[in-house]
Amino acid sequence: MTDLCLLTAHQMLELLKQRKVSCQELIEAHIARIERINPRINAIITTTFDFAVDSARRLDSEGVRERPLFGLPIAHKDLVATKGIRTTFGFPPYAEFVPTHDALIVRRMREAGTVLLGKTNVPEFGAGSHTFNRVFGPTLNPYDPKRTVGGSSGGAAAALCSRMVPLADGSDTGGSLRNPAAFCNVVGFRPSPGRVPWGPNNDPWTELSHQGPMARTVSDTALLFSVLAGPDRHSTRVLETPGATFRELHPVDLSDLRIAYSPDFGGLPVEQPVRQTLSQFATILERCGATVEEATPRLDDARRIFSVLRGLGFRKRFNEMPKEHFNELKETIHWNIEVGNALTLEDVEWAIAARTRLHSRVVEFFETYDVWIGPATQVMPFPVEVDWVREVEGQKMSDYIQWMEACSWISVTGLPTLSLPAGFSNGLPVGVQVIAPPRRDHFLLSVAKSMEDATDFQSQLPLCS
């Protein structure tokens, strides 16, 4: 039964639909795997096994098995509300918090037929690209348990790559879907603004933070995305394309593509193992017939734009928190709140205008290139006891998020982007960031699928498997 866990989500679905395996058998196989592997890596921090078995039995009694995610096990990030199930945000005062409602994406996945196995670990309130907190401790990398899984969707990425679940949800402001995907050799997809409605949400107008799918393959990522995406009448700024549009991917001939390759996005420090692995990945694409050219649009101002928008978000999110809880926040969150509190109206006006200019530049860039690739992380997975990276290639980092600018700079462009397995260096995964023109989410997924078919790095199992 454990071998079932090594299948893709699509393969599991086929077995369920043909009744070659029952939902209960599939869920119990995954529970057994979680019980065996999770103690070594600490990816799933709240389990719902009794609930999952009961849900599987109910699904087995259904006559029709046509729901898009029928019977598939899933884990939800510990930042999204799950009705009746503990949701801690990795924050000690909320260690026993139980929401009274489901987040919209949780409801959509449940209605599509998923079976919830538990919640995945996060940094405190998702702040930082290293998954540890004072409630549950760190999540360890299945490829090397002495190293980090990244973050903030680190528990999700670790659960996926160790085959404890085939699908997981995540969220991304400055790289929280892409960074852990790169560190764990899975796929993390940050879609276009408006593809996935986010709610309930106290700031529905923001376009910096996104929710999105994670999986071990691009096809499985597209499958989950087809359920998460699509309009919702209660949400603002949502694109009207139905989610089902993204379920089937169309093959893309790599030889038809002109690909821009940015080794460092215009001057960011990037560790040599990452550079070397991505250079080899670009060479594979060239051998497949793609035209690959080193090119980068002007990304100047992206650092300050991100700082202003993130600071605004932290100011709005935490300043209304009860004082006794506010004082309990970790130091890096307090720093980020202070950045927000120091902002002026002129700062915000500048950021809006500068982001508009940046978007115009990247739109013009895609008049020459079909797709754009570059590093998903600037460093390799680092020792788990390091709270954040202080230096990259001899360049000192001024704060706990600067080392992830390969992702945060792309966040402010508003372009759809994903992290795809791109190879290994000394046994540790490296991810490539694949970026498409505005609102070309389906094209991006199709291109990434063709790149995946040409390389097959996602099939290399970790030590904890």
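This note goes through the cores, the helix contacts and some individual residues of the structure.

1. Basis of the points. The model is predicted, and residues are numbered from 1 along each chain as its sequence is written. Local features need pLDDT of at least 70 and side-chain atom pairs count only at pLDDT 80 or more, totals for chains, interfaces and linings use all residues, and side-chain values use heavy atoms, with hydrogens and water left out.

2. The nonpolar cores. A nonpolar core is here a set of buried Ala, Val, Leu, Ile, Met, Phe, Trp, Tyr and Cys residues joined through side-chain atoms within 4.5 Å, where buried means under 20% relative accessible area, exposed over 50% and partly exposed in between (1.4 Å probe, protein chains only). The largest such core has 101 residues, and those with the most contacts inside it are Leu-72, Ile-259, Leu-285, Ile-373, Leu-420, Val-434 and Met-451. Its largest share, 8 residues, comes from helix 2 (residues 23–41); helices (H or I, at least four residues) and strands (E, at least two) are DSSP runs, numbered from the N terminus. A second, separate core of 47 residues includes Phe-89, Phe-306, Ile-337 and Val-392.

3. Surroundings of Ile-373. With contact taken as heavy atoms within 4.5 Å, and leaving aside neighbours within four places in sequence, Ile-373 is in contact with Ile-259, Ala-260, Tyr-261, Ser-262, Phe-281, Leu-285, Val-432, Gln-433, Val-434 and Met-451.

4. Helix 8 against helix 14. Two packed helices are described by the angle between their axes and the distance between the axes. Axes are lines fitted to C-alpha atoms, for helices over the stretch in contact, and angles run from 0 to 180 degrees between N-to-C directions. The axes of helix 8 (residues 272–287) and helix 14 (residues 441–455) come within 10 Å and cross at roughly 95 degrees. That makes helix 8 roughly perpendicular to helix 14, given that angles under 35 degrees count as roughly parallel, over 145 as roughly antiparallel, 65 to 115 as roughly perpendicular and the rest as oblique. Phe-281, Ile-284 and Leu-285 of helix 8 make the contact with Met-451, Ala-454 and Thr-455 of helix 14. By class this contact has 5 nonpolar, 1 polar and no charged residues, where Ala, Val, Leu, Ile, Met, Phe, Trp, Tyr, Cys and Pro count as nonpolar, Asp, Glu, Lys and Arg as charged, and the others, Gly among them, as polar.

5. Helix 7 against helix 14. The axes of helix 7 (residues 218–228) and helix 14 come within 9 Å and cross at roughly 155 degrees, which makes helix 7 roughly antiparallel to helix 14. In this contact, Val-218, Ser-219, Ala-222 and Phe-225 of helix 7 meet Asp-441, Leu-445, Ala-448, Lys-449 and Glu-452 of helix 14, and by class there are 5 nonpolar, 1 polar and 3 charged residues. Helix 7 is mostly covered, with 11 of its 11 residues buried, and just after helix 7 Gly-230 takes a positive phi of about 120 degrees.

6. Helix 2 against helix 3. The axes of helix 2 and helix 3 (residues 49–60) come within 8 Å and cross at roughly 160 degrees, and helix 2 and helix 3 are therefore roughly antiparallel to each other. By class, the contact of helix 2 with helix 3 has 9 nonpolar, 1 polar and 4 charged residues.

7. Helix 5 (residues 154–161) is mostly covered, 8 of its 8 residues being buried, and is followed by Arg-163, whose phi is positive, near 65 degrees. The peptide bond from Gly-151 to Ser-152 is cis, with omega near 10 degrees, and Ser-152 is found in the loop between strand 5 (144–148) and helix 5.

8. Loop residues. Leu-299 lies in the loop between strand 10 (291–294) and helix 9 (302–318) and counts as buried at 4% relative accessibility; not counting residues up to four places away in sequence, Leu-299 touches Phe-265, Leu-358, Trp-372, Trp-409 and Thr-413. Phe-89, in the loop between strand 2 (73–77) and helix 4 (104–111), has a positive phi near 60 degrees and counts as buried at 15% relative accessibility. Arg-439, in the loop between strand 15 (428–435) and helix 14, has a positive phi of about 65 degrees and is exposed, with a relative accessible area of 53%.
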